[in-house]
Amino acid sequence: MSTTTGLGQSPYSVQVGVPAAVLKAKKVRRRLDLTLWEKLYVAEIVRGLVITSKHFFINMLGFIFPPAGKKRKVFTVYYPEEKLTLPSAYRGRPVLVAHADGSEKCVACGLCEKMCPAHAISIVAAEKAPGERYPARYTLDLGRCVYCGYCEEVCPKEAIVMSDEYQGLAQGDRNLLRFQKEQLLRPEGKVKTRLYFVRRIYSKWNY
Amino acid sequence: MLADLIESLAKIVFIFTVNVGVFAPILGWVERKQSAVMQDRIGANRADILGFTAIGLFHSLADAVKLLTKEDFVPANANKFFHTLAPFIALVPAISAFAIIPFGGRYELFGREINLVIADLDVGILYVFALAGLATYGTVLAGWSSRSNWSLLGGLRASAQMLSYEVAMGLSIIGIIIVYGSLRLTDIGAAQENFFRWGIFLQPVGFIIYMTCAIAENKRIPFDIPEAESELVAGYFTEYSGMKFVMFWMAEFLEMVTISAIVTTLFFGAWHIPFVTDAMLLSWFSGFAGPNGAAALAMAVNIAVFFAKVSFFIWLQMTIRWTLPRFRYDQVMRMCWKMLLPLSLINLSITGLVVLLL
Amino acid sequence: MELLIFYAFCVGAVVSALLMVTTKRPVRAAMSLVATMSFLAGLYALLNAHLIAVLQLIVYAGAIMVLFLFVIMLLNIEEKEGKLAKNVFFIQLAGTVVVGILMVAMVVVMNKIGAPVAGAAVDETFGTTKAVGWMLFTKYLLPFEIASVLLLAAIVGAVILAKRRIDNSKA
Amino acid sequence: MSEISKDLHTEHMVINMGPSHPVTHGTVKFLATLEGETIIDLDVEIGYLHRGFEKMCENSTWQQVIPYTDRLNYVSPLINNTGYALAVEKLLGIDVPERCKYLRVIACELSRLSDHLTNVAAAGLELGAFTAFLYFVEARELVWDLIEALCGARVTVNYIRIGGLKNDLPERFEEKVKYTFKEVRRLWKDVDKLLTKNRIFIDRVRGVGAISAEEAIAYGFTGPCLRACGVPYDVRKAQPYLVYDRMDFEVPIGETGDNYDKYLVRMEEIQQSMRIVEQALAQMPDGPINVRMPQVRMEPKEKIYSRIDSLIYHFKTVIEGIKPPPGEVYLAVEGGNGELGFYLVSDGSGKPYKCRVRPPCFALTAAMPRLVKGRLLADIVPTFDMINMIGGECDR
């Protein structure tokens, strides 16, 4: 305590070596005492009621006469019937990209497995032909996945991307969340926008 | 004799249906929906029958089914007898308080004089206070018998708060009683036929005090300290579930209806439309409906006007509940004893003086 | 019909009063007293004394008994048997004798005075707020005022006693 | 002592508030000893959300830590990301491009905005003002929409990278910001009207949880709670990082350090944060967002697909991790609750030797008994809300 006493005399700015003009302190306590009018409770309560009932009536009108192009004024979404438009950056469940013939693009290099912070990916690599690797088993434990998007970021083959799928991830049994290669494969056309997004964000501004 | 019995039975059935059958379940929905609209949300809208949702109205039905079939849990250490008794004690006064509130005027129908009130008691408004006093036991016993620290604290807070506010509430009403010279609610209602003799113009301070005390008595925000969920989990009904929980809940809603009805009767012209007397109504309707039809129509108009006013005050109470933060325990007591009580005494003496001088 | 209700209330009042006396659990006793008060209020109401009935409920059942209960809860008195439990037999005997004597006395007095008057015997305004108020502020004004002064004195005395105790405990 | 009070049997009531109690959001337990309703003793027990963050870091590469930091203060994850990335960059001795700095400032301030909105809203909620809560949650939802458009996730953002960023601004971001801030300012005004001058709210928060500046510093307060005591200490001003020295903003300070001042400071900081975002968007230059160091920040995808040297670097960086020189570094940023410090030790390998976090709300939570002792039970509510303890950060 003794080291910090005397703070009242020397402003704190002196102690940290920053001039007071830089700190630009602004007092926020607008008034110390309430006026009698405010002390009576009633005025402020009425003001609060006016605000909330303003919201009430505007929203009621918004339900009865919705603004053009929308169903209602409040922006809550009726989830299963209506769905959000996801931004292009959105990271949903990771999926594997398939070639046109249905085989996976993945070459089982193991970068995603290595990078995954949650250790959700495990790959068993095999060779189709000499020098042509492929994942014999590709297990993605969605119970562990944290949707960080590192797998997509490190993949040198555009073989795994974050899709915009977010449904079907609530399961009673954890084993059902261990997705195998077959469950994860998506045709290239389905994740085209994401592939384009990934390619673009990494190249456009990097240098 | 038989006709009397039928008449009063009809009135009881009507009020009971309106209160327990219509208001209590629907208010649960109204509270959810109104708060949602106030807060830029949509609110309950999922429960449906054959795909028809009726803007969420079926939620009250679903709630009822859910709560009735829910396990009725009693803590191991609780005093089972009082734990079971408490919700009933809370609910019964809330239901029976409506008996003395007039919801219409006095009319001649088929040669019988019909007064639209279940019991036209001479002591009138005092009856409501008596019942409010009994309602305290519900919360106190619930808090005590649960054998939970939160419940006990809630019960203690509830008893102190409800006792204190009863005093100020009683005193705030006396002004109205002096002005109209009667305790009988039908008299007070009839006296407000003239728009400029509505209670709100004669006793504006009394209205504010009564409204405050009534909300405090009903233990709703900003006075919900006995159940303040962020402090005491749920206060005196922390340990209740299922049907018993619903009874506290219903008691709260019914009390809200009663408060609105009393405010309407005492301060907002009861069943009257401004500048329209019952005689005017009768003369308008008798033009095309005959004397009996006119009386029936006038009664219907009275009832409609009365319940419209009641609905408005329910809306107002809900708006207050969803707008304001809650007090602290000591602030509630200070407000009662140091602000409302002196204020109502001053109001009382000024009213007495004015009445005496005029 | 009315008589039946009257007797039902009577029986209720007596039974709950007995329960109040016999039970060893404080909260149960307090609640029995509340029940007695409520039944008494019902009796008053049936005797056309509506104001008294309501006041009985407001003041005794509504306020005073809540305070009783409040105190019992605050003190957190366990549901224990009282200290007198050892000599139950003698106490019961003594109680029976006392109650018996009282009963006999009551019967004698009743016979002397005659049966209680029926409700119809009083005039129309009996028991109305106006009538009671009129009596209170004219005929019985002095006793009324004296009672209020007495109560005030009691309140002041209670405050002083409570305050002194706190001061003492601090010192 | 009189005979009566001697026999009078009184005892204290000990109640457990938490770990699952409506007010102890963030999972903490208060062991309160009550005399009537007055708190005569309070014990704070933390650790219910301990995940072993610091130990986890020691077993992951430097890049892998970033998603973990999201979960520290989960209300303002971008600030945690930034703090960690800056600390590692300081260890590496590298400087990120201009545009990256501005983007980081924008991200940080959006995060601070959501943090303060949540905090003020939750305080209102727990005092019973549910509507004020939902107005600010609505505002926060809009801010989160911005964050989602920027980062791809609302809470677990994982946006900042060592030596750069994950991606650049999305299209039409300025328009969205403009719209969002218009709405946030509208809702801010409504909440301000609902709470700031409401006597009930003032009674609940004014004078409660007051602490002097000296004591606050002794306890290790930082952030809005220290500023509420009247000390204009803000890491963004005192030790400017990124481009905060180019921003024109004010440091709101209070007077007594009570909950009302904390509330006012936070309300004002919401406004200041919006100002900073607008300025940063206006000043932001065009250019790269990542450093040109293949051993730190991976090369663009096209290069990796086409060039063997890039691919080799890429593999080396991912598998072995970034290898900062041995040494130790401490770097603090202004988090949502105060000074969020990262103390990192490197032994030259691909993994942190030690990663220690200085959580601002740990010191604040430690002062809880001092703030509420002798006050009423209900005063725990606003005091704890204004302290804004975040379990993920406090327990780590």
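## Chains A and B

In this predicted model, four residue pairs, both members at pLDDT 80 or more, are in polar contact between chain A and chain B. On the side of chain A that touches chain B, the residues divide by class into twelve nonpolar, six polar and two charged.

The contact joins 20 residues of chain A to 18 residues of chain B. Together the two chains bury about 1600 Å², and 74% of this area is on carbon and sulfur atoms. Y41(A), L49(A) and F56(A) supply 32% of the area that chain A buries against chain B, more than any other three residues.

## Chains A and D

Five pairs of chains are in contact, and among these pairs chains A and D share the most contacts. Here 63 residues from chain A meet 85 residues from chain D. The area buried between chain A and chain D is about 6900 Å², with carbon and sulfur atoms giving 60% of it. By way of contrast, no contact joins chain A and chain C, and their closest C-alpha atoms lie 29 Å apart.

Two salt bridges are counted between chain A and chain D. In a salt bridge between side chains, R297(D) meets E153(A) at 3.6 Å, N to O. Several elements of chain A each supply at least two residues to the side that touches chain D, including helix 1 (12–16), strand 1 (25–27) and helix 8 (192–203). Helix 4 of chain A gives the largest share of that side, eight residues. By class, this side of chain A holds 36 nonpolar, eight polar and 19 charged residues.

## Nonpolar cores

The largest nonpolar core has 281 residues, of which F307(B), Y84(D), L110(D), F136(D) and Y159(D) touch the most other members. Helix 11 of chain B, residues 278–323, gives the most to this core, with 17 residues.

Beyond its neighbours within four places in sequence, L110(D) is in contact with V143(D), L146(D), I147(D), F173(D), F181(D) and V277(D). Another core lies apart from the largest one and has 23 residues, among them C112(A), Y138(A), C155(A) and A159(A).

## A buried loop residue

P300(D) is located in the loop between helix 12 (259–283) and helix 13 (301–306) of chain D. This residue counts as buried because its relative accessibility is 8%, and the cut-off for buried is under 20%. P300(D) and A85(D) are 215 residues apart in sequence, with their C-alpha atoms 20 Å apart in space.

How values were computed. Residues are numbered from 1 along each chain as its sequence is written. Chains are lettered from A and ligands numbered from 1 in the order in which they are written. This is a predicted model: local features need pLDDT of at least 70, side-chain atom pairs count only at pLDDT 80 or more; totals for chains, interfaces and linings use all residues. Side-chain values use heavy atoms; hydrogens and water are left out. Contact means heavy atoms within 4.5 Å. Buried area is the accessible area (1.4 Å probe) that two parts lose on being put together, summed over both. A polar contact is a pair of N or O atoms within 3.5 Å; within protein, one must be able to donate a hydrogen and the other to accept it, and residues adjacent in sequence count only if both atoms are side-chain atoms. Ala, Val, Leu, Ile, Met, Phe, Trp, Tyr, Cys and Pro count as nonpolar, Asp, Glu, Lys and Arg as charged, and the others, Gly among them, as polar. A nonpolar core is a set of buried Ala, Val, Leu, Ile, Met, Phe, Trp, Tyr and Cys residues joined through side-chain atoms within 4.5 Å. Buried means under 20% relative accessible area, exposed over 50%, partly exposed in between (1.4 Å probe, protein chains only). Helices (H or I, at least four residues) and strands (E, at least two) are DSSP runs, numbered from the N terminus. A salt bridge is a side-chain nitrogen of Lys or Arg within 4 Å of a carboxyl oxygen of Asp or Glu.
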